[in-house]
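Here's a quick briefing on one chain of a predicted model and the partner it touches. Have a look at the structure, then read on.

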Amino acid sequence: MDWLEKELAKALERKEPSPDFAAKLTARIESEAPRRSRLFHFPRWMPAAAAFVMLATSGSLAWRRHQGMVAKEQVMLAMRITAGKLNHVQAHVREAQQ
Amino acid sequence: MRSVGVLLLAALMPLSAQQFKFNLENLEKKASDTVDVSLSGSTLQFAAKFLDGKDPEEAKVKKLMSGIVGIYVKSFQFKAEGTWSQADLEGIRKQLHEPEWSRIVGVKSSEDRENTEVFVRTENKKIAGVAVISAEAKQLTVVNIVGDVDLESLADLSGHFGLPKLEAVPPKKSKR
């Protein structure tokens, strides 16, 4: 066994923990658990509420857009009818002028 | 304060409201097809946001709409002739009287059996509305456009919507 093997064996040899290790670890976990839950745990209804808000917002936007397009089509239809009638009048007036 | 608000609302109402009553409900049941457009100020402004400025037709309408606060159209298509009578239109014509309204042009075509009249409403020497009554054997149309209507732009629409553009008539040459 050369010096390197000796050093490795020494470094990796089994070391028993101190007798109060388990108690210390348990105490630390218990002290950190409430802090973690406050930071990372949302109430259960939160994702559902967020999904509802997103759906309601996108639905409302889609409905507003639909209403806008319907109103636009009505404007275009009204203008088509009016322009058609004025076109007819203009045609007759110009015919009379000639 | 409340009464001031009511008065203010009452003063603003005529700007967006229809300027004369159509009273054509009796024809709705007789018509085979009906077009009924009734758009007031806020709806028009909302609709204008959806007009595409890049589309030549829609751009023209958008420009025209800047002064318009109301568009009201009723158009009936009938299957048979004689379904409507002159009495149906008299109720409208009676409302379009001077000094508010002026009949600027009327075309009566015996060939097409079509009678179209255009009226303009003026307030403080400015155009505040346009009315069109068009009566054909099987079709009846009444239009009321409320607001500062640019008649040139309105007439310019004749070059759009698939309608032929009417060019200016050249002046007649004097005979020697």
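How many residues does the contact take from chain B and from chain A? It takes 32 residues from chain B and 27 residues from chain A, where two residues are in contact if their C-beta atoms, placed from the backbone, lie within 7 Å. This is a predicted model, where local features need pLDDT of at least 70, side-chain atom pairs count only at pLDDT 80 or more, and totals for chains, interfaces and linings use all residues. Residues are numbered from 1 along each chain as its sequence is written, while chains are lettered from A and ligands numbered from 1 in the order in which they are written.

**The side of chain B that touches chain A**
- The elements giving two or more residues to this side are strands E1 (33-40), E2 (68-77), E3 (101-109), E4 (114-123), E5 (126-136) and E6 (139-147), plus helices H3 (41-48) and H6 (151-156) of chain B.
- H3(B) gives the most to that side, with 4 residues.
- Sorted by class, the side of chain B that touches chain A has 24 nonpolar, 7 polar and 1 charged residues; Ala, Val, Leu, Ile, Met, Phe, Trp, Tyr, Cys and Pro count as nonpolar, Asp, Glu, Lys and Arg as charged, and the others, Gly among them, as polar.

**Chain B as a whole**
- You'll find 6 helices and 6 strands in chain B, taken as DSSP runs numbered from the N terminus (helices are H or I, at least four residues; strands are E, at least two).
- Reading from the N terminus, the order in chain B is α-α-β-α-α-β-α-β-β-β-β-α.
- Take the contacts in chain B between residues at least 6 apart in sequence: 61% of them join residues at least 24 apart.

- Most residues other than glycine have a negative phi, and most peptide bonds are trans.
- The peptide bond from B:Glu98 to B:Pro99 is cis, with omega near 10 degrees, and B:Pro99 sits in the loop between helix H5 (86-93) and E3 of chain B.
- B:Asn124, in the loop between E4 and E5 of chain B, has a positive phi near 55 degrees. B:Asn124 counts as exposed because it has 5 C-beta neighbours inside 10 Å.
- B:Lys125 lies in the loop between E4 and E5 of chain B, and its phi is positive too, at about 60 degrees. B:Lys125 has 5 C-beta neighbours inside 10 Å, so it counts as exposed.

Definitions and conventions:
Buried ≥ 20, exposed ≤ 12 C-beta atoms within 10 Å, placed from the backbone.
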